[in-house]
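Subject: Structure for your review

Dear colleague,

Please find below the structure that I promised to pass on to you.

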Amino acid sequence: MTGARIAVLGDWDSVLAFQALGLPVFPAQSAEQARAVLHRLAREDYAVIYLTERLAADLERDIARYQDAPAPAILLIPGREGPLGMGMGKLRAAVERAVGVDILA
Amino acid sequence: MAVTVTTPTRMELARLKGRLRTAQRGHKLLKDKRDELLRRLLDTVGEVQALRGRVEEELMGIHGGFTMAAVLMGGPALEQALMYPTQRVTLHVTVQNIMGVHAPRYDLEIHTGDSGGLLPYGFAATSGELDDAVEALRGVFPAMMRLAEGEKTVQLISREIEKTRRRVNALEYVVIPNTQQAIRYISMKLEEAGRATITRLMKVKEMLLEQSVVHHKALDTQALERLREEE
């Protein structure tokens, strides 16, 4: 698979910056809106989706759906309000699943 | 543990012994696979964790820069400045095989526009903070791609470990003990059948012997009687 795309999904203030890099940005005001966009992007040829943590908080189950699939990779990034530790939390959960205990604490 | 219904025959015994050998070999292999995957996972997790810390920190700085720029320039002017990027990004995804786990590798291809400038806007209407923030974002972007790669790999490896661990446990605690028990059951049945056959043969031999003794005794008596009559 070549020629995949990268998307940035989040609240307007947080994603605006990524427009400068030439990435397609998808501003979303609400969780519902973000959910619809997320599933649409996943169906299209987006291989990496950057999602702000604050929106991700309401989309746990939607994100979990793509967790074990090879694509897309959904990466949580801190929005304007600062890191919420969710990205790290996901990493920890992955290790816990593999090892049986949380060894990163 | 319930004994599965097995017909106690030599054929079945040979089949079960073969199965046990396969299961034991598979168990050992899967255990090795699990251990190796775990080692890889822990390596990757360490890297990814450090990378995430760095990326988060830098992104916060960049957000700060953009906020500052928005304050200085006004929101609409900022939006306008960023509306037409000078570069386009395409992603090449290749798949890397880590012990059966298909981990993605992302390679970026950045197309820069004709104007050649790094910044998508003129300098007149924008503030210096914006330039710095865009520059910093450009700098951190490759790390963000590596982070995406790493986190996906961690997810995929951890799923594979979970699957492998289940298989190892199923073999260790179900398949292997069940097969061993069935093998014991059949060998005991076969030994029992063997003993039964021997006893039966001994009994038959005894009966035949008895019959022939009776028969010969009868013959002897007849012979004696004939002898007496002749005298």
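The notes below describe each chain and then the contacts between them.

Please keep in mind that this is a predicted model.

**The two chains**

Chain A contains five helices and four strands. Read from the N terminus, its elements follow the order β-α-β-α-β-α-α-β-α. A compact globule of 105 residues would have a radius of gyration near 13 Å, and the 14 Å of chain A agrees with this. Along the principal axes, the C-alpha atoms of chain A fill a box of roughly 40 × 35 × 25 Å.

Chain B has three helices and two strands, arranged from the N terminus as α-α-β-β-α. For its 231 residues the globule rule gives 17 Å, but the radius of gyration of chain B is 42 Å, well over that value, so chain B is more spread out than a compact globule. The box filled by the C-alpha atoms of chain B, again taken along the principal axes, is roughly 160 × 30 × 25 Å.

**The helices of chain B**

Helix α1 of chain B covers residues 10-73, which is 64 residues. From its first C-alpha to its last, α1(B) reaches 89 Å, close to the 94 Å expected at 1.5 Å a residue. Just after α1(B) comes Gly74(B), which takes a positive phi of about 95°.

The partner of α1(B) in the next contact is helix α3 of chain B, residues 128-230. The axes of these two helices come within 4 Å and cross at roughly 165°. Angles over 145 degrees count as roughly antiparallel, and α1(B) and α3(B) are therefore roughly antiparallel to each other. The crossing in which α1(B) passes α3(B) is left-handed. By class, the residues of this contact are 37 nonpolar, 13 polar and 20 charged.

**Where chain A meets chain B**

In the contact between the chains, 35 residues of chain A meet 42 residues of chain B. On the side of chain A that touches chain B, at least two residues each come from β1 (5-10), α1 (12-19), β3 (46-52), β4 (73-77) and α5 (86-99) of chain A. Which of these supplies the largest share of that side? The answer is α5(A), with eight residues. Overall, this side of chain A consists of 23 nonpolar, eight polar and four charged residues.

Helix α5(A) packs against α3(B) at an angle of about 20°, and their axes are 8 Å apart. Angles under 35 degrees count as roughly parallel, so α5(A) and α3(B) are roughly parallel to each other. Here too the crossing is described as left-handed. From α5(A), the contact uses Leu91(A), Ala94(A), Val95(A), Arg97(A) and Ala98(A); from α3(B), it uses Glu151(B), Val154(B), Gln155(B), Ser158(B), Ile161(B) and Glu162(B). Six of these residues are nonpolar, two polar and three charged.

Helix α5(A) also packs against α1(B), at an angle of about 170° and with the axes 11 Å apart. These two helices, α5(A) and α1(B), are therefore roughly antiparallel to each other. The residues of α5(A) that meet α1(B) are Gly87(A), Met88(A), Leu91(A), Val95(A), Ala98(A) and Val99(A). On α1(B), they meet Leu38(B), Leu41(B), Val45(B), Val48(B), Gln49(B) and Arg52(B). The classes in the contact of α5(A) with α1(B) are nine nonpolar, two polar and one charged.

Yours sincerely,

A colleague

Terms used:
Residues are numbered from 1 along each chain as its sequence is written. Chains are lettered from A and ligands numbered from 1 in the order in which they are written. This is a predicted model: local features need pLDDT of at least 70, side-chain atom pairs count only at pLDDT 80 or more; totals for chains, interfaces and linings use all residues. The expected span of a helix is 1.5 Å times one less than its number of residues. Axes are lines fitted to C-alpha atoms, for helices over the stretch in contact, and angles run from 0 to 180 degrees between N-to-C directions. Angles under 35 degrees count as roughly parallel, over 145 as roughly antiparallel, 65 to 115 as roughly perpendicular and the rest as oblique. A crossing is left-handed if the near helix is turned anticlockwise from the far one by less than a right angle, and right-handed if clockwise. Ala, Val, Leu, Ile, Met, Phe, Trp, Tyr, Cys and Pro count as nonpolar, Asp, Glu, Lys and Arg as charged, and the others, Gly among them, as polar. Two residues are in contact if their C-beta atoms, placed from the backbone, lie within 7 Å. The radius of gyration is taken over C-alpha atoms; the globule rule is 2.2 Å times the number of residues to the power 0.38.
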